[in-house]
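Dear colleague,

Please find below the structure that I am handing over to you, together with its sequence.

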Amino acid sequence: MLELKNINYSVFDENINKDILKNINLTFKENKTYVITGPNGSGKSTLSKIIMGILSPASGQVFFNGKDITNLSIDERANNSISYAFQKPITFKGLKVRELLDVASNKKNTFDQLCDYLSIVGLCAKEYINRPLNDKLSGGELKRIELAMVLSRNSKLNIFDEPEAGIDLWSFEQLTKIFSTLKNSCNIIVSHQKKILEIADEIILLNNGQVQKMGKLEEILPLLENNTCHKLRGDKNE
Ligand SMILES: Nc1ncnc2c1ncn2[C@@H]1O[C@H](COP(=O)(O)OP(=O)(O)O)[C@@H](O)[C@H]1O
Ligand SMILES: [Mg+2]
């Protein structure tokens with residue numbers, strides 16, 4: 001359903017060209033859950049933004065259901081049934097929670113429907129639907145609202161960048177339960193949490209902008225435990 005071919009991404013920073021992603025080739029299948037993991041700065045957010053079209057690769061192609069979407073905008077990808085939840089949610093200033101959910105799901109939701117979406121993420125609709133999206137909401141509340149927004153869209157492909165970040169007060173079990181019940185979509189979750197790694201059909205381990213390994217939990221875990229910096233170990237190719 002999703003194919004990344006020879007994806008490269010670099011930035012020009014402090015007068016040097018920095019390669020952030022190097023030759024990424026990955027295939028994601030329909031109705032499977034993938035977790036992208038790896039050290040801070042390994043390129044996880046960059047990769048997930050390239051899939052959503054928030055960033056454009058320097059070279060390489062993104063295929064979705066056989067169609068080359070490399071040059072499609074974020075909106076066009078959203079219309080093609082791809083949804084995205086940011087590591088740091090944006091606040092869509094001026095909208096209320098109910099308006100955000102209506103825009104996201106492209107319909108006028110009833111109170112009961114809003115209640116369904118919000119209660120999945122542990123929020124009471126009565127308290128939240130008329131709240132404006134602004135900095136009075138905590139990081140954790142915004143994260144949950146964004147998650148509700150993605151779920152309300154019922155997309156074929158969902159991308160979640162570190163959904164656990166900032167929700168420490170909320171039952172972590174509930175979050176993993178949500179992901180384990182998402183069976184009618186392909187889900188790509190960026191995460192460091194073992195509990196989330198456990199629900200993945202496959203795990204992608206990124207290291208220094210490259211795919212170190214794609215495989216099942218038992219193949220990836222030993223690598224995570226030994227994952228010291230390649231540069232420090234003096235590995236080749238660094
Ligand atoms: N615009 C940018 N300018 C300079 N460096 C960047 C830029 N965007 C990302 N990076 C660097 O690219 C690397 C990968 O970033 P990111 O994809 O956010 O990593 P992760 O999500 O795995 O922590 C990091 O070292 C980050 O500092
Ligand atoms: Mg990140």
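Predicted model: local features only at pLDDT ≥ 70, side-chain atom pairs only at ≥ 80, totals over all residues.

Four strands make up an open sheet, 4 strands in the order β2-β1-β4-β5, with antiparallel pairing. Its edges are β2 and β5 (67-68), each of which pairs on one side only. Within this sheet, strand β1 (residues 2-13) pairs with strand β2 (residues 16-28) in the antiparallel sense, over 9 bridges. I7 has I24 of β2 as its bridge partner. The hairpin of β1 and β2 has 2 residues between the strands, and in this hairpin E14 adopts a positive phi near 45°. β1 is also joined to strand β4 (residues 59-64), by 5 bridges, and these two run antiparallel. Here E3 stands opposite F63 of β4.

The other sheet is also open, but its pairing is mixed: 6 strands follow the order β6-β7-β8-β3-β9-β10. The edge strands are β6 (82-85) and β10 (210-215), each pairing on one side only. From one strand to the next, the twist averages 15°. Strand β3 (residues 33-37) and strand β8 (residues 186-190) run parallel and are joined by 4 bridges. In that pair, V35 has I189 of β8 as its bridge partner. Helix α6 (residues 139-153) packs on this sheet, where it touches β6 and β7 (157-161), and the direction of α6 makes about 170° with that of β6.

L205 stands opposite K213 of β10. The hairpin of β9 and β10 has 2 residues between the strands, and N208 takes a positive phi near 55° there.

I turn next to the helices. Helix α3 (residues 97-105) packs with α6 at an angle of about 30°, and their axes lie 8 Å apart. Because angles under 35 degrees count as roughly parallel, α3 and α6 are roughly parallel to each other. The crossing in which α3 passes α6 is right-handed. On the α3 side the contact is made by V97, L100, L101, A104 and S105, and on the α6 side by I145, A148, M149, S152 and R153. By class, the residues of this contact comprise 7 nonpolar, 2 polar and 1 charged.

The last item is the ligand site. Which residues are around ligand 1? They are V11, D13, K18, I20, G38, N40, G41, S42, G43, K44, S45 and T46. At least two residues of this shell come from each of β1, β2 and α1 (44-52). The most is given by α1, with 3 residues. Divided by class, the shell around ligand 1 holds 2 nonpolar, 7 polar and 3 charged residues.

With kind regards

Technical notes: Residues numbered from 1 in each chain as written. Chains lettered and ligands numbered in written order. Pairing = 2+ DSSP bridges. Axes fitted to C-alpha atoms, helices over the stretch in contact; angles between N-to-C directions. Contact = placed C-beta atoms within 7 Å. Near = placed C-beta within 6 Å. Nonpolar A, V, L, I, M, F, W, Y, C, P; charged D, E, K, R; others polar. Parallel < 35°, antiparallel > 145°, perpendicular 65-115°, else oblique. Left-handed = near helix turned anticlockwise from the far one by under 90°.
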